[in-house]
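Here's a friendly walk through one structure, for anyone seeing it for the first time. Have a look at it below, then read on.

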Amino acid sequence: MKFYRNAIILIVIVALLGVAYYFVSKNAPKDENDVETIVITDIEADDIDTMTFKGPEYTFEMVVEDSKWVLKSPADIIYDQSTVSTMCEVARSVSAERVVEENASDLSVYGLQKPAVTVEIKLRDGNVTIL
């Protein structure tokens, strides 16, 4: 009799584990490759003339010299070349995973009424992109 009781308990446990696995796998986040990305900016590095990062108390202007991003303004500070390059590379290829609201009328809902930082990308052909 003990064998049948243990067998039934084992079957119930396996069934519960199966149900739990089903719900966990059904609600699991999608694989990173399954997410459709929305391209916001995808600018070739060769097309950029200058890139300007503006904050409330600072403005940094970067240019490309000898295939490297260089801090043009302010010229009197010491900077890390790899940090400047990373900032510029990230800003020229921005993407999103979803659209929150098409043509939002009130940006303050998303904390964007007065952004902490804006990035202005000036292209060689005269076009300007502002993030």
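Predicted model: local features only at pLDDT ≥ 70, side-chain atom pairs only at ≥ 80, totals over all residues.

Let's start with Thr52, which, leaving aside its neighbours within four places in sequence, is in contact (heavy atoms within 4.5 Å) with Thr59, Phe60, Glu61, Thr118, Val119 and Glu120. Thr52 sits in strand 2; helices (H or I, at least four residues) and strands (E, at least two) are DSSP runs, numbered from the N terminus. At 6% relative accessibility, Thr52 counts as buried, where buried means under 20% relative accessible area, exposed over 50%, and partly exposed in between (1.4 Å probe, protein chains only).

Residues are numbered from 1 along each chain as its sequence is written, and side-chain values use heavy atoms, with hydrogens and water left out.

Thr50 is also in strand 2, and is buried too, with a relative accessible area of 7%. Apart from neighbours within four places in sequence, Thr50 touches Glu61, Met62, Val63, Glu120, Ile121 and Lys122.

Now for the charged pairs. Side chains of opposite charge can pair when their charged atoms come close. A salt bridge here is a side-chain nitrogen of Lys or Arg within 4 Å of a carboxyl oxygen of Asp or Glu, and by this rule the count comes to three.

| Salt bridge | N to O distance |
|---|---|
| Arg124 and Asp49 | 3.8 Å |
| Lys54 and Glu120 | 3.9 Å |
| Lys122 and Glu120 | 3.7 Å |

Salt bridges that share partners join Lys54, Glu120 and Lys122 into one network. Within it, Glu120 is buried at 17% relative accessibility, while Lys54 is partly exposed at 35% and Lys122 is partly exposed at 34%.

Arg124 is exposed, with a relative accessible area of 53%, and Asp49 is partly exposed at 36%.

Next up is helix 2. Its twelve residues (81–92) should span 16 Å at 1.5 Å a residue, and the end C-alpha atoms are 17 Å apart, which agrees; the expected span is 1.5 Å times one less than the number of residues. Which residues of helix 2 are buried? They are Val84, Cys88, Ala91 and Arg92. These cover an arc of only 95° around the axis, which puts them on the same side of helix 2; the arc is that of the directions from the helix axis to the C-beta atoms. The buried residues of helix 2 pack against several strands, including strand 1 (38–42), strand 2 (48–54) and strand 6 (118–123).

Ile77 is in the loop between strand 4 and helix 2, and is partly exposed at 36% relative accessibility. Setting aside neighbours within four places in sequence, Ile77 is in contact with Phe60 and Leu71. From Ile77 to Asn103 is 26 residues in sequence and 39 Å in space, C-alpha to C-alpha.

Finally, Leu112 lies in the loop between strand 5 and strand 6, and is partly exposed, with a relative accessible area of 45%.
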